[in-house]
Amino acid sequence: MGPHPAVAAIRLAVRRTLADLAAEAGVPVGAPVRAPQSRPAAAPALVPAGSAATTLIGNARRHPSGLPRTPAAPGAPLVLVAVSGGADSMALATATAFEAPKLGLRVGAVTVDHGLQAGSAERAELVAVRLRELGLDPVEAVPVQVGRAGGPENAARDARYAALDAAAERHGALAVLLGHTRDDQAETVLLGLARGSGARSLAGMPAQKGRYRRPLLELDRAATRQACSAQSIPVWDDPHNTDPAYTRSRVRHEVLPVLEKHLGGGVVEALARTARLFRDDADALDQWAALAERDLRTAEGTLDVPKLAELPPAVRRRVLRRAALRAGCPAGDLFARHLESVDLLVTGWRGQGPLHLPGGVEATRRCGTLVFRRQSD
């Protein structure tokens, strides 16, 4: 009998992502892995660390699927999984541990301790132990200091990604896998709508950006819970995920259920589909803006206003955003309202003075050009 349908769906999604990574790394198809010393017929469920029931096969513990996990050879390319201990990331880590060795890849994990709750350090270490039981190596529990810039959610995200970036650099990882699901995508789209952030925000989270991959974006959150339950994988539910003090939590537990109730089922799928459509449009407009910026940038590095005015608004505002970011505006603090104000320097010029943008950046119209510079420069 095959695996539970949710387990199979998650493994398939992970396998596709890992196959792309293996191809990028030049890992040959059928790369050799260590052979197991034995293959007992029966397999115990995953048990807590230190239990006498934990089974070792060669140098690897038995995977909760019931099949032995045979790790890739030392020195094989490494993929890291970001794991919080929740169902999404544990299902991802379990599937990656199962699929990666077959493609000649090693798999490790990082769990980030944000230090925002009592006992968070102990919880992070427990998650790390569980990951090692699955055969992941290396596994790190990394404490971070969460600042206040941009609010608690943004500050925690910034600290988390900084820790993941550092771990990836430290271990020379090909990629870091993230456990975001279709439900997370739908929440992101709704948050973008509420903030009026434009098409790029409505495009949601990309399946691939830099070193980050999101294999589960086409699967819903319920599938990850079913997969963990079917494999007896312990999970931890972060109380922040149900705390109404956090905007995403309110969207998840209050806004989406209301939409589902009054608009009928399928809202999450529709929002995720909207994200895919917006992403295609946003990617095309971004490419257009990059080409346009190259053509209208002057030798002094300023932007030619008459040429800017000829561009469609969607392209022009992207050019303005690129210029503002290059001058030092933090991407997370630069909103549509800022770009609309800068756009008036092009389309509604009345002699207005410099505009002050986030990050201490100033936008000024001068002699038919737009100048972006840090105020301290």
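This is a predicted model: local features need pLDDT of at least 70, side-chain atom pairs count only at pLDDT 80 or more; totals for chains, interfaces and linings use all residues.
Which way does α1 pass α7, in a left-handed or a right-handed crossing?

**Entry: α1 and α7**

I found that α1 passes α7 in a left-handed crossing. Helix α1 covers residues 5–25, and I read an angle of about 115° between α1 and α7, with their axes 8 Å apart. An angle of 65 to 115 degrees counts as roughly perpendicular, and α1 and α7 are therefore described that way. I then looked up which residues touch. From α1 the contact takes A6, V7 and I10, and from α7 it takes A223, T224, Q226, A227 and A230. I sorted these contact residues into six nonpolar, two polar and no charged.

**Entry: α9 and α11**

I turned next to helix α9 (residues 267–296) and helix α11 (residues 313–327). Their axes come within 8 Å and cross at roughly 70°. That makes α9 roughly perpendicular to α11. I noted the crossing of α9 and α11 as right-handed. On the α9 side I listed A282, L285, D286, W288, A289, A290, A292, E293 and L296; they meet A314, V315, R318, V319, R322, A323 and R326 in α11. The residues of this contact divide into eleven nonpolar, no polar and five charged.

**Entry: the four-stranded sheet**

In what order do the strands of the open sheet of four strands stand? I read the order as β9-β12-β11-β10, with antiparallel pairing. Strands β9 and β10 (355–357) are at the edges with a single partner strand each, so one side of each has no neighbour in the sheet.

I went through the pairs one at a time. Strand β9 (residues 303–304) pairs with β12 (residues 369–374) over two bridges, in the antiparallel sense. In this pair I found L303 opposite L370 of β12. Strand β11 (residues 361–366) and β12 pair in the antiparallel sense over six bridges. Here R366 stands opposite T369 in β12. Strands β10 and β11 are antiparallel too, over three bridges, and the bridge partner of L355 is A363 in β11.

**Entry: backbone details in two loops**

I looked for a cis peptide bond and noted the one from D137 to P138, with omega near 5°. I placed P138 in the loop between α3 (120–133) and β5 (139–143).

I then checked S232. Its phi is positive, about 55°, although S232 is not a glycine. I located S232 in the loop between α7 (221–230) and α8.

**Entry: salt bridges**

How many salt bridges does a search of the whole structure find? I recorded 24 salt bridges. I followed up one of them, in which R252 pairs with D184, the closest N and O atoms being 3.4 Å apart. This pair links distant parts of the chain: R252 belongs to helix α8 (residues 247–263) and D184 to helix α5 (residues 182–195), and the two residues are 68 residues apart.

Methods: Residues are numbered from 1 along each chain as its sequence is written. Side-chain values use heavy atoms; hydrogens and water are left out. Axes are lines fitted to C-alpha atoms, for helices over the stretch in contact, and angles run from 0 to 180 degrees between N-to-C directions. Angles under 35 degrees count as roughly parallel, over 145 as roughly antiparallel, 65 to 115 as roughly perpendicular and the rest as oblique. A crossing is left-handed if the near helix is turned anticlockwise from the far one by less than a right angle, and right-handed if clockwise. Contact means heavy atoms within 4.5 Å. Ala, Val, Leu, Ile, Met, Phe, Trp, Tyr, Cys and Pro count as nonpolar, Asp, Glu, Lys and Arg as charged, and the others, Gly among them, as polar. Two strands pair if DSSP finds at least two bridges between them. A salt bridge is a side-chain nitrogen of Lys or Arg within 4 Å of a carboxyl oxygen of Asp or Glu.
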